[in-house]
Amino acid sequence: MELEAGEPVESRPGCGSFFANHWKGLVVFLMPIICLPIILTNNIPEYRCMYILLIMAVFWVTEALPLYVTSMIPIVAFPTMGIMGSEATCMTYFKDTLVMFMGGIMVALAVEYSGLHKRLALRVIQMVGCSPRRLHFGLIMVTMFISMWISNAACTAMMCPIIQAVLEELQAQGVCKIYHEPEYQMVGGKNKKKSEDDLPYPTKVTQCYYLGIAYASSLGGCGTIIGTATNLTFKGLYDTAFPNATEKMDFPTFMFYSVPSMLVYTLLTYVFLQWHFMGLWRPKSKEAQEVQVGKDNAHVAKKVIDQRYKELGPMTIHEIQVAILFIIMVLMYFTRKPGIFTGWAELLPAKVIKNSMPTIFVVIMCFMLPANYAFLRYCTRKGPVPTAPTPSLITWKFIQSRVPWGLIFLLGGGFALAAGSKESGMATLIGSSMSGLKVLPHSALMLVVILVAVFLTAFSSNVAVANILIPVLSEMALALKIHPLYLVFPAGLACSMAFHLPVSTPPNALVAGYAHIRSKDMAIAGIGPTIITIIVLFIFCQTWAMVIYPNLDTFPEWAQIAAEEAANKTRLLSEIAANKTHMLEMAANATRLLANNTELLTDLASSSSNMLGNLVANNTQPLADLAVNGTRLLTNLAFNKTV
C-alpha cells in the first residue's frame, strides 16, 4: 500500500500506551508471582495466609480487581491452602454485624422512600436561618445528623439538589455566582475560549457549600455503628478477634465514645471552611464582601427553602409510621443491654440477642405496615375506596435497586481474612514481630496509628484499609500488652477521615462530580479537616475514652488469656512445623537407606547369579560324561540280559 505525500502515518503505540491500558492485568498476573517466595521459603500456614493477605491488600489498594471480587479470594484460597475449611470461611461472610449493616441500609432506604429525610433537612434549615453563614451551618449540621443513620453517599446525594436549588435562586437574584466566567485567550487576533472541553469552575462559595456537606457526611458517619460500613467493619473484626472481651462495642457505648468528638471536629471543620472560602475573620477580603451581600439578601434563600418545604405538603401517615419505627429501632439499640438497668434482651427467655435482631425486626415491620389506610373505607363506607392494592412502607423492588449488595462480600472478605489470620497464627506472628515498639510511649503509638490510618484511607477504600489494619493492630496490642480497644477504636474512626481526593470516599466523589470541583482544590481544602480530626481524635482518645472505658489504660484479664492462647498456638504451630521438618528428615534418611540397601541387594543378586552360572558351567561336562557312561552301561546290561 502506497502513501500519498502529506498523508499522516499512524505511529505504533509504545510501551507507555501498553502499560497505561493493561496495568491492572499486569498487577493481577505478576503480584501472585512476586509474592511466591513467601510460601516457597516458609510453607507453613502463617506464611500462606500472609501470601494471601499481601495479594488482597495490593488488589484492594490498586483496585486491579473490583473490590468485591478481591474480597471473594478467601473462599477459594483458604480451603485450598489449608488455612480454613469452606464451611468456616463462608460463615464469616454473613455474621451478625453484617446483617445489622444490611438491615440498617434497608431502614435508611425506608426513610428515603417516604421522603422523611427531606422534610427533616428543610425544616432544620428553616429554623437555623438562611444567611450564607447560617445556611452553611444548617446544611452541615443536618447532613452530619442524617449521615449518622443513613449511608454517607445517600445523605450527600440527598443534600446536593437542595444546595443546587438554593444557589440557582441566589444567582437568579444576582446575590452570588455558582461558577466563574469562562476564561478567554487571544489566538490570531480573536478571543477564543481557553478550552472547549473545560468544565465550569465553581466559585469559592459554591465549593464551601458542597465540600461542607461532603465532609459532614464523612464526619457524621463516625457517630454511630450503622453510620458507615467502616464502623461495622472494625466492630466486627474486634468481636471476631476477642469474642470473650468484657469491653464491648455496643450501640450506646459507641455513641457515647464517638459523638462528642464528632461534634467538636464537625464544628471546627465548619469554622475552617468559613475561613478558607467565606472570609471569616477577614472582613476586607473579596469572599467576606460576597458573604455580606448574601446576608443582605437572605430572604431569597429563605424563599427557596420555604417553597421546597411547601411542596412536600403536610406530613403523611407514611412518614409518621417510618419515623416511629426508626425511633423504636434506636430505643431498642439503647435498651437491649444498657448495663445501668436490666435490658429487654435480658428479660426474654432466649439465647444471646444482638443488634441485628431489632434492625431486622424494623425491616420486617416496614413490609407489614401499609403506607396508607385508605382500605379502611371499605368498613367505614366514607369516601372513595382504593382500586389497587395498598403498598407497604417500602417495596422490595426499591430495596433491590438501591442496596449495595457487593458490600456483603467486601465486609465478609475482611472478616474472613481476620478469621484466617487468627486461625493460621499469622496475626500473632505479625504482632510479635512488632514487640520492638514497646519503647514508644502508648500515646505516641496511638498517634502513629491514627496518622497511618488517615494516610492510607486517602488513597484507598475506607473498608479495605480497615480490613487490613485492624487485625494487625489487634495482635500488636496483645504483643505490646496494651488494651486492644486503645488502638483499634481510634484507628477504626481514623479510617473514615478521608478529605483530600474524590476517590477517597463516595461523598467526595459525589460533590466533585456534581459541582465540578477540581482535585487540587479538594486536596487543599482537605488539609484543614485532616489536621483538625487528627488532633481532636487524638485528644479525645486520651481523655474522654478513659471515661467511657475506665480500664483502657490496663491490660485486662481477657486480653492476657487471648495473648497466652495466641502464644500457645504459635508455640504449637512451631512444634508441629519442627516435627514435620524432623519427619521429613527421617523420611529422607529412610529413602537414602533404602537406596543403599537396594544397591546392596542388587550386588548380592548379581553375585549369586554369577556363582550359580559358574557352578552350572563347571559341572555341565562331568554331568554330560556321567550321563553318556550311564547310558552306555545300561545299554550293555540290557544287551547281556537279552543274550
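Trainee: What is the relative accessible area of His 516?

Mentor: His 516 has a relative accessible area of 24%, which makes this residue partly exposed; buried means under 20% relative accessible area, exposed means over 50%, and partly exposed lies in between, with a 1.4 Å probe and protein chains only. Keep in mind that this is a predicted model, where local features need pLDDT of at least 70 and side-chain atom pairs count only at pLDDT 80 or more, while totals for chains, interfaces and linings use all residues. Residues are numbered from 1 along each chain as its sequence is written, and side-chain values use heavy atoms, with hydrogens and water left out.

Trainee: Where is His 516 found, and what value does its phi have?

Mentor: His 516 is in the loop between α26 (506–515) and α27 (519–525), and its phi is positive, near 60°, although the residue is not a glycine. Lys 481 is also a non-glycine residue with a positive phi, of about 60°, and it lies in the loop between α24 and α25 (484–494).

Trainee: How many helices and strands does the chain have?

Mentor: The protein chain holds 30 helices and two strands; these are DSSP runs numbered from the N terminus, with helices being H or I over at least four residues and strands being E over at least two. Of the 643 residues in the chain, 46% are buried.

Trainee: You mentioned α25, so how many of its residues are buried?

Mentor: In α25, 11 of its 11 residues are buried, so the helix counts as mostly covered. Among them are Leu 485, Val 488 and Phe 489.

Trainee: Which residues have the most contacts inside the largest nonpolar core?

Mentor: They are Met 249 and Phe 489, in a core of 172 residues. A nonpolar core is a set of buried Ala, Val, Leu, Ile, Met, Phe, Trp, Tyr and Cys residues joined through side-chain atoms within 4.5 Å. Helix α24 (residues 462–480) gives the largest share of this core, 12 residues.

Trainee: And what is Met 249 in contact with?

Mentor: Leaving aside neighbours within four places in sequence, Met 249 is in contact with residues including Leu 485, Val 488 and Phe 489, as well as Ile 225, Phe 254 and Tyr 549; contact means heavy atoms within 4.5 Å. Looking at the whole chain, of the contacts between residues at least 6 apart in sequence, 77% join residues at least 24 apart.

Trainee: Changing topic, how many cavities of 30 Å³ or more are there?

Mentor: There are four. A cavity is a set of points on a 1 Å grid over the protein atoms alone, where a 1.4 Å probe fits but cannot get out, and its lining residues have an atom within 4 Å of a point. Grid points are joined across faces, edges and corners, and the volume is the space filled by probe spheres set on the points. The second largest cavity holds about 70 Å³.

Trainee: Which elements give two or more residues to the lining of the second largest cavity?

Mentor: Those elements are α12 (229–241), α21 (406–424) and α24. The lining residues include Leu 237, Lys 422 and Glu 475, and the lining divides into five nonpolar, three polar and two charged residues. Here Ala, Val, Leu, Ile, Met, Phe, Trp, Tyr, Cys and Pro count as nonpolar, Asp, Glu, Lys and Arg as charged, and the others, Gly among them, as polar.

Trainee: What about salt bridges, how many are counted?

Mentor: The count is four, where a salt bridge is a side-chain nitrogen of Lys or Arg within 4 Å of a carboxyl oxygen of Asp or Glu. One of them joins Arg 402 and Glu 112, whose closest N and O atoms are 2.7 Å apart. Arg 402 lies in helix α20 (residues 396–402) and Glu 112 in helix α7 (residues 96–114), so this pair ties together parts 290 residues apart in sequence. Arg 402 is partly exposed at 43% relative accessible area, and Glu 112 is partly exposed at 24%.

Trainee: Are Glu 319 and Arg 119 buried or exposed?

Mentor: Both are buried. Glu 319 forms a salt bridge with Arg 119, with the closest N and O atoms 2.7 Å apart. Because Glu 319 lies in helix α16 (residues 317–335) and Arg 119 in helix α8 (residues 116–128), the pair ties together parts that are 200 residues apart in sequence.

Terms used:
On a 1 Å grid over the protein atoms alone, a cavity is a set of points where a 1.4 Å probe fits but cannot get out, and a pocket is an open set with protein on both sides within 12 Å along at least five of seven lines; lining residues have an atom within 4 Å of a point.
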